[in-house]
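Here is a set of exercises to work through with the coordinates open in your viewer. Try each task before reading its solution.

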Amino acid sequence: VARSEANTGDTRRRMASSKALRACLNARDLRALARKVQPSFAFDYLDGGADDEKALRRASAAFDELEFHPSTCRGVDDVSLETSFLGHTNTECIFPSPTAGHALWAPRRGELATAEACSTSNRVFALSTLGTRSPRDIAEGVATLKADRKMFQVYVWKDRELMRDVLASAKEAGFSSVALTTDLTWFGNRERDVRNSFSVPPKHSLRTTLAALAAPRWTFEYLISQRIEYALIRDLKRDGLLRDALPIAEFATKQFDAAFDWKDAEWFRAQWDGPMAMKGILRPDDAVRARDIGYDAVWVTSHGARQLESAVAPIDVLSSIREAVGEEAEVIYDGGIMRGVDVVKALALGANAVGVGKAYLYGLAAGEGAGVNKAFEILTSETKRAMGLLGVKDVHELRARGPDLVRRRIGT
C-alpha cells in the first residue's frame, strides 16, 4: 500500500512538472520554475557567480550591445544548425558545457538525463570529471550516445596519476574528445555557496533540512536515489577524496594545482591521443599559445562568471581571439547565453560551436531530462528563427558573413 501511494504521488508530481514545463517559453521561465522546485542551496549553486556577481550580469548584458543588420530577400526557407568541432562532425552547434554535480538538481538520473537528451538530438554531451555519474555510467546507461558525441572535461589536479587515470577511464568508456579546464586553479569566491555551507554530498544541517522541506519533489527523489558523490572518483577508488562532505571551495583548494603552468599544459596535451580543447581562454595571446603547443581548439569562457569577479564578458573578446588564431582554428564559446539570438551573435563573431551552462541546467533542475529537452528545443527554435530573419541558411554562412550582420551598437 505504501509503495502504491508513493508511486501515485510520484506520478502526480511528474504530471504537474510536465504541465509547468509546457508553460515555459524561454530559459528565464525555466529558471523561475527551477527556483520554485529546488532547495535553495542547490538552486544557488546553479544560479550564482563570484563576489557581487557583476561579471555574471555583465556576461549576459554584453550581448545587448551587439545589433543585427539583417539582409532581406535571401530566400532562406530552411536553416541548419550543424557544425563540426573537436572531431564531432555534423553535430548541432549548441551543446551542454560540462558542469559538475547534475544529481544535485536531478537526484535520480543526474548526468544520465542530460546524456539521453543529447543522444536524441544529435548533440555533443560533455561530462565533467566531477560529475555525479562516471564515464562508465554514461556508457552503460545511455548506449545510444555514440562515441563521436561524447566529450570529457578534466581539471588540473595536483595528483598527476589521477589525471592519467581519469583520461584512461574516459577513453575506455568511448569518449572521443577532451577539454582541459585551466581557469579553476584558484577557486572563486562564491558567496551564495559559503552562506549555504554548500558541499557534495549536501551536509545534513538545520539549514539544508529546512531548504529540503521547502522542495518536496526534490527531497522525495533525493531520498530514493543513490548517494550524491563524484562518481568517477568513486570508480577510481580514491576513497580518501570522498571521505568528508567538504565545502566545495575547500575541496578544490586541496585537490587542484594552483602552480599549473604552460609546461604542465603541454605535458597534459601529450597524455591524450585525440582532439583536445583548452578551456578558460579570455586573451588572444593565450589562445595563440594554446594552439602553438598542440591544442586543437580554444574555449572562450569565464567559467560561468563563477571565478574572477570583473572578468571581461567572453563575448567582448571572442572576435579578437578569432582574429588571433585565424579562420582555420576551432573556437568554442560559452558565457552569458540565455537566448537563441545570443547563440547567433557568438557564431557570427567567430565561434564554431556554442556551449550553454545555466540555460540547460535550469531545464534539468526544472524537469530532469524533459527539462533539458525543453531548454534545447527553446534555444534551437530561437536560433533558427533569428538566422532565418537575418537571411542566413547555415552556420558556415553565418560565420562567413558574421562581421557584416552583427555589429556593435553605435556609442558603446
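**Exercise 1. Decide whether Asp-47 is buried or exposed, and find the salt bridge that its side chain forms.**

Solution. Please keep in mind throughout that this is a predicted model.

- Step 1: Start with accessibility. Asp-47 has a relative accessible area of 4%, and the limit for buried is under 20%, so Asp-47 is buried.
- Step 2: The side chain of Asp-47 meets that of Arg-192 in a salt bridge, with an N to O distance of 3.0 Å.
- Step 3: Arg-192 belongs to helix α8 (residues 191-195) and Asp-47 to helix α3 (residues 40-47). The pair links distant parts of the chain, 145 residues apart.

**Exercise 2. Examine the salt bridge between Asp-264 and Arg-160, and say which helices hold the two residues.**

Solution. 

- Step 1: Check the distance. The N to O separation is 3.4 Å, and a salt bridge requires the atoms to be within 4 Å.
- Step 2: Assign the helices. Asp-264 sits in helix α13 (residues 262-269), while Arg-160 sits in helix α7 (residues 160-172). The bridge therefore ties together parts that are 104 residues apart in sequence.
- Step 3: Asp-264 has 19% relative accessibility and counts as buried, because the limit is under 20%.

**Exercise 3. Describe the pair Arg-399 and Glu-327, then widen the view to the salt bridges of the whole structure.**

Solution. 

- Step 1: The closest N and O atoms of Arg-399 and Glu-327 are 3.2 Å apart, and the two form a salt bridge.
- Step 2: Arg-399 is part of helix α18 (residues 395-405), whereas Glu-327 is in the loop between α15 (314-325) and β10 (330-333). Parts 72 residues apart in sequence are thus tied together by this pair.
- Step 3: With a relative accessible area of 53%, Glu-327 is exposed.
- Step 4: Now for shared partners. One network of salt bridges joins Arg-136, Asp-137, Arg-227, Glu-229, Arg-234 and Asp-235.
- Step 5: Searching the whole structure gives 30 salt bridges.

**Exercise 4. Which residues of the largest nonpolar core touch the most other members?**

Solution. 

- Step 1: The core has 120 residues, and the two that touch the most other members are Ile-315 and Tyr-333. Helix α17 (residues 358-390) supplies the largest share of this core, 15 residues.
- Step 2: List contacts of Tyr-333, leaving aside neighbours within four places in sequence. Among them are Phe-63, Trp-299, Pro-314, Ile-315 and Leu-318.
- Step 3: Look for another core. A second, separate one has twelve residues, including Val-124, Ala-179, Ala-277 and Ile-332.
- Step 4: Contrast this with the surface. Leu-206, Leu-210 and Leu-213 form a nonpolar patch there, with about 350 Å² of accessible area together. Leu-213 is in helix α9 (residues 206-213) and counts as exposed at 62% relative accessibility.

**Exercise 5. Inspect the backbone at Pro-201, Ser-197 and Ala-305.**

Solution. 

- Step 1: Recall the background. Most residues other than glycine have a negative phi, and most peptide bonds are trans.
- Step 2: Read omega. The bond from Val-200 to Pro-201 is cis, with omega near -5°. Pro-201 lies in the loop between α8 and α9.
- Step 3: Read phi. Ser-197 has a positive phi of about 50°, and this residue too is in the loop between α8 and α9. Ala-305 has a phi near 55° and is found in the loop between β9 (297-300) and α15.
- Step 4: Compare accessibility. Ser-197 is partly exposed at 44%, whereas Ala-305 is buried at 2%.

Conventions:
Residues numbered from 1 in each chain as written. Predicted model: local features only at pLDDT ≥ 70, side-chain atom pairs only at ≥ 80, totals over all residues. Heavy atoms only, no water. Patch = residues over 30% accessible without salt bridge, like charges linked within 9 Å, V, L, I, M, F, W, Y side chains within 5 Å. Areas by Shrake-Rupley, 256 points an atom, 1.4 Å probe, with all protein chains shown as cover. Helix = DSSP H or I, 4+ residues; strand = E, 2+ residues; numbered from the N terminus. Buried < 20%, exposed > 50% of the residue type's maximum accessible area, 1.4 Å probe, protein only. Core = buried A, V, L, I, M, F, W, Y, C linked by side-chain atoms within 4.5 Å. Contact = heavy atoms within 4.5 Å.
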